[in-house]
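Me: Hi! Could you walk me through this structure in simple words?
Reply: Happy to, here it comes.

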Amino acid sequence: MIPALEEVLSALARLPGIGRRSAERIAFFLLAKPEETERLLRALSVLSRIGRCPRCHGFSEGGLCPICRDPAREAKTICVVAHPWEVERIERTGEYRGLYHVLGGLISPTSGIRAEDLTIAHLLSRVREEGTEEVILALEPKLEGDLTAMHLLRLLKPLGVRVSQIAQGIPVGRDLESADELTLGRALKGRIPL
Amino acid sequence: MPELVRDKALVLRTQDHAETDRIVSALSEGRGRLELLVKGARRLERPFGAVLDILNLAEIIYYRRRSGLHLLREATLLQDFPRIREDLARLEAALLLLRWAWELVPREVPDPRPFRLTQSFLLALGESPAPQTLLAAYRLRLLSLLGYRPALQGCVACGKAEDLFWVPERGGLLCRACGGEGLAVPPRLQKAMDGLLRLPLAALLRLRLAPADLAEIERLTLAFREVQLAR
């Protein structure tokens, strides 16, 4: 294989979900369609313009992100997530109209990530300064998520803000039989009255 | 054909691998620290569900490979330490304890003692009103069990029990007359560390140490670990 093509293939194969065969398919497609290559190059060049919103730490194209700029959002509610891509996942539900705060990870003593490494101090100042009434914790239902949630609860409670957590348990469309006992136990603990 | 092994293991940490897999580091009873590949662990239809979350104790069945990662075939939850999970201080202490186990226990060594020590301390942590005290004791005991027991009875050179300093290079306490200098260890701290190393778990649960003393013991233990393990 010619070195230039080998370079393209090895770069593509580093992407998540792309193996050698997929990399070859993409590379040959792009070679056959120069206009698609141009389109892709233009799109990729925009990546460097994407930074972080100074208010919520979500993705932004300079300055505040579209959600923080939107006056129609419910500004008294903040949904806390660990990673910026989780904002988009929640937005796609269409169930939430408040603001966000991205922590930048989860507290993890086993991996050496401390509370000070996250944007927790900024979250607390936002809650104080923006008159937040509810903080929704949408953190991964695993040990680091639980630890981070407990840590945040301890810091947020004295501020007089309502703290809630997204429900945890059986995914919609799954049967109970395939659920492990821990997941089922959480679902039972978090049951809601009908 | 790889050998199929059944064991008990505590999940120490997990790491995403490839698209949908996960590597689980676990402290097993039979073979020390293990690195297990869990195929499809990040899929919605994931095998084993939340059983392989950190801090869980599980019965595992895995294909033992001669090189590389072992392949997990089954995992059944045995214990998830709920009393630890509901308390922030206990949970933080438990995770630091697991981190020490992950960093210090050697891989694939058939010695059940690190597993048993860790399991017993996790069970005690669930009852402990002073998790940091148990964590300090665990650190000293794990070091001891792995062959790095600090000498806490008196000067390592002459046996004298006064005017002692912490000299990790010499294996523990050294008196001034024998060349000890640097980190002074008052009798109160010496006694506390000796207790952490030797008291039964039930007595450890009743032991109360001042936060300043615990911080100092942590400093001494970390210095000891750094020097001893660098050798």
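Reply: Let's start with a term: buried means under 20% relative accessible area, exposed means over 50%, and partly exposed is in between (1.4 Å probe, protein chains only). Helices (H or I, at least four residues) and strands (E, at least two) are DSSP runs, numbered from the N terminus. This is a predicted model, where local features need pLDDT of at least 70, side-chain atom pairs count only at pLDDT 80 or more, and totals for chains, interfaces and linings use all residues. Residues are numbered from 1 along each chain as its sequence is written, chains are lettered from A and ligands numbered from 1 in the order in which they are written, and side-chain values use heavy atoms, with hydrogens and water left out.

Me: Thanks! Why is helix 7 of chain A largely enclosed by the rest of the structure?
Reply: Because eleven of its 14 residues are buried. Among them are L143(A), G145(A), M150(A) and L156(A).

Me: And how far apart are the end C-alpha atoms of helix 7 of chain A?
Reply: They are 20 Å apart, which agrees with the 20 Å that residues 143-156 should span at 1.5 Å a residue. The expected span is 1.5 Å times one less than the number of residues.

Me: New topic: is T132(A) buried or exposed?
Reply: T132(A) counts as buried because its relative accessibility is 9%. You'll find T132(A) in the loop between helix 6 (120-129) and strand 5 (134-137) of chain A.

Me: What is T132(A) in contact with?
Reply: Contact means heavy atoms within 4.5 Å. Leaving aside neighbours within four places in sequence, T132(A) is in contact with K76(A), I78(A), R126(A), V127(A) and V161(A).

Me: Last one: where is C178(B)?
Reply: C178(B) sits in the loop between strand 7 (172-175) and strand 8 (183-185) of chain B. With 28% relative accessibility, C178(B) counts as partly exposed.

Me: What about C158(B)?
Reply: C158(B) and C178(B) are 20 residues apart in sequence and 7.4 Å apart in space, C-alpha to C-alpha. C158(B) is also one of the residues in contact with C178(B).
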